[in-house]
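Dear colleague,

I am passing on the structure we spoke of, with some notes on what was found in it. Please read them with the structure open beside you.

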Amino acid sequence: MKARKRGVVILLGLTVLALGIAFVVTRSGARDSAGSAPSAEVPAAPAPAQGGTASKAPSGSSPGRAGEGNSQAASSPRAPGVIAELGWGSGPSQLGRDRPQEANPEAPMSLAVTPLGDVVVLDQLNGRLVRIGQDGKVLGTTPLTQQTPQDVTVAKDGTLLVLDRLRDKSVAIIDPETGTLRGDLPLQGEGIPETGGITGTFVEGDSVYVEREHGALVRIGDLSGTADTTRPEIPGRPTRDGRSYIVASIIDRPGGRLLVNAIDRQTNHQRYTREYRVQFPLMYITLLDSDRSGVIYLGVAGELPTGKASPPSEPGVRLFCLDPLDGKVLGQADLPLNTMPEETFRDFTVLDEGGVVYQYRTEAGVSLRRADCR
């Protein structure tokens, strides 16, 4: 009887010892696996909003002019603030890039956000619009017929507007459900003597406007595709809360001084003019828009101070959030500036609920990121 008990005790001891060894090996393997995982750093920013339901855009295909063959870099977990990573090429989850020897290099020209929160990228080199959901996956593409599209805008009902100011010299109006062309609004006419000076496309209600030299906006028609022969003007970009028209201008580039003017839309009187002084020389204005609450987003590019001895500064974008009533700075954030040679039209867009989405380009592809300054 005693011998049997001793056997049982020995057996139990060996079992416990084996389980302990297995536990140590398992913990060691998990530690090695975590230590070898790739990591990436991006500017601190809120994670993408999760509101709304994504819908698939109509699919289409067209030959790409830039087929480097990089696949979408979405296999690893996305870093905070990163919406999607897309490689260069002409595949379903890629964006076109062209670096000709005797012409300007090009990358995706513009981007916009739909009412559902999807990001639409103008992939003009592949002749399409690419729709990306909030989970970072490509939902579909819409083919384009314009020769040199440069800007994309989305109306409140989801209608897509694509600007070609150089060859077709029109704004194409595309149905969001079918992807078919609803109409073309000509650019040239009263108020627009030279279409190359157009600096943006804007929608206010049912009206379609184009901006002349970062100043006044000219109404060229409506979302149904009916052209406006009277071509009335408004003094600046309409804010989404319906209160103001806004205009920004640099008044002292080396001294880092710029102005923002806000005009009351009801009275057409000046609401405020405010000067802003940054601690670095200015290159250009990258963003002027508002969210649904009226908060104004102002982005300026320049050599931002790093706070270190070396390098003392580096290219970046200073993003400001401004109070809609008096222009007071509510917050700010510093974001990376695209320094690659590719030509683009617009790299930033503002979300209805607040915050911005922007594209950052590298040799690997395009990183779509979200940031805020509040």
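Asn126 sits in the loop that joins β4 (119-123) to β5 (128-132), where strands are DSSP runs of E with at least two residues and helices are runs of H or I with at least four, numbered from the N terminus. The side chain of Asn126 comes to 3.0 Å from the backbone oxygen of Gly89.

This is a predicted model, in which local features need pLDDT of at least 70 and side-chain atom pairs count only at pLDDT 80 or more, while totals for chains, interfaces and linings use all residues. Residues are numbered from 1 along each chain as its sequence is written, and side-chain values use heavy atoms, with hydrogens and water left out.

Asp241, in the loop between β15 (237-238) and β16 (244-252), is partly exposed at 24% relative accessible area. Its side chain forms a polar contact with the side chain of Thr239 at 2.6 Å (a pair of N or O atoms within 3.5 Å, one able to donate a hydrogen and the other to accept it within protein, where residues adjacent in sequence count only if both atoms are side-chain atoms). A polar atom of the Asp241 side chain also lies 3.1 Å from the backbone nitrogen of Arg243.

As for the whole, the protein chain has 1 helix and 25 strands, and 48% of its 374 residues count as buried.

Best wishes

Methods:
Buried means under 20% relative accessible area, exposed over 50%, partly exposed in between (1.4 Å probe, protein chains only).
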